[in-house]
Amino acid sequence: MLVRGIGILLAFAFPTALVGVLDWATGPDYGLSIFYLLPVVLAGWSQGRRVGAAIALLAALIWTGVELQTRVGAPLLATSWNGLSRAAIFLAMGIGAGVIR
């Protein structure tokens, strides 16, 4: 059961990480939020609220990490606020998809 759960998480974490790599490669001029939302919503819809929430938090962490690396000189407070805002939006979408289903 635990191995299956980890496999499910990895199945959604991998594409989320790929979006992060693409986001880093394109730099700060392009917003890829819709691509971060795809695995979040799919995880919530197909696996439920808990998995949706886990992938939502991962997506927010990856996006914030990319922002810290690509927006050199940006105020830490602004980056933190943006990360928390994204986490709230991603959580709402991941959990919401699980609830609606």
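Against which helices do the buried residues of α4 pack? They pack against α2 and α3. Buried means under 20% relative accessible area, exposed over 50%, and partly exposed in between (1.4 Å probe, protein chains only). Helices are DSSP runs (H or I, at least four residues), as are strands (E, at least two), numbered from the N terminus.

This is a predicted model: local features need pLDDT of at least 70, side-chain atom pairs count only at pLDDT 80 or more, and totals for chains, interfaces and linings use all residues. Residues are numbered from 1 along each chain as its sequence is written, and side-chain values use heavy atoms, with hydrogens and water left out.

**Overall fold**

- The chain has 4 helices and 0 strands, in the order α-α-α-α along the sequence.
- Its radius of gyration is 14 Å, close to the 13 Å that the globule rule gives for 101 residues, so the chain is as compact as a globular protein of that length. The radius is taken over C-alpha atoms; the rule is 2.2 Å times the number of residues to the power 0.38.
- Along the principal axes, the C-alpha atoms fill a box of roughly 45 × 20 × 20 Å.
- Buried residues make up 36% of the 101 residues.
- Of the contacts (heavy atoms within 4.5 Å) with a separation of 6 or more, 67% join residues 24 or more positions apart.

**Helices α3 and α4**

- α3 has 22 residues and reaches 31 Å from its first C-alpha to its last, close to the expected 32 Å. The expected span is 1.5 Å times one less than the number of residues.
- α4 has 25 residues and should span 36 Å; its end C-alpha atoms are 35 Å apart, which agrees.
- Buried residues of α3 include I55, I62, W63 and E67.
- Among those buried in α4 are T79, R86 and F90, along with the glycines G83, G94 and G98.

**Salt bridge**

- The structure holds 1 salt bridge, meaning a side-chain nitrogen of Lys or Arg within 4 Å of a carboxyl oxygen of Asp or Glu.
- R86 pairs with E67, the closest N and O atoms being 2.6 Å apart.
- R86 lies in α4 (residues 76–100) and E67 in α3 (residues 49–70), so the pair ties together parts 19 residues apart in sequence.
- Both partners are buried: R86 has a relative accessible area of 13%, and E67 has 6%.

**Surface**

- The chain exposes about 6400 Å², and carbon and sulfur atoms supply 73% of it. Areas come from the Shrake-Rupley method with a 1.4 Å probe; for residues, only the protein chains shown count as cover.
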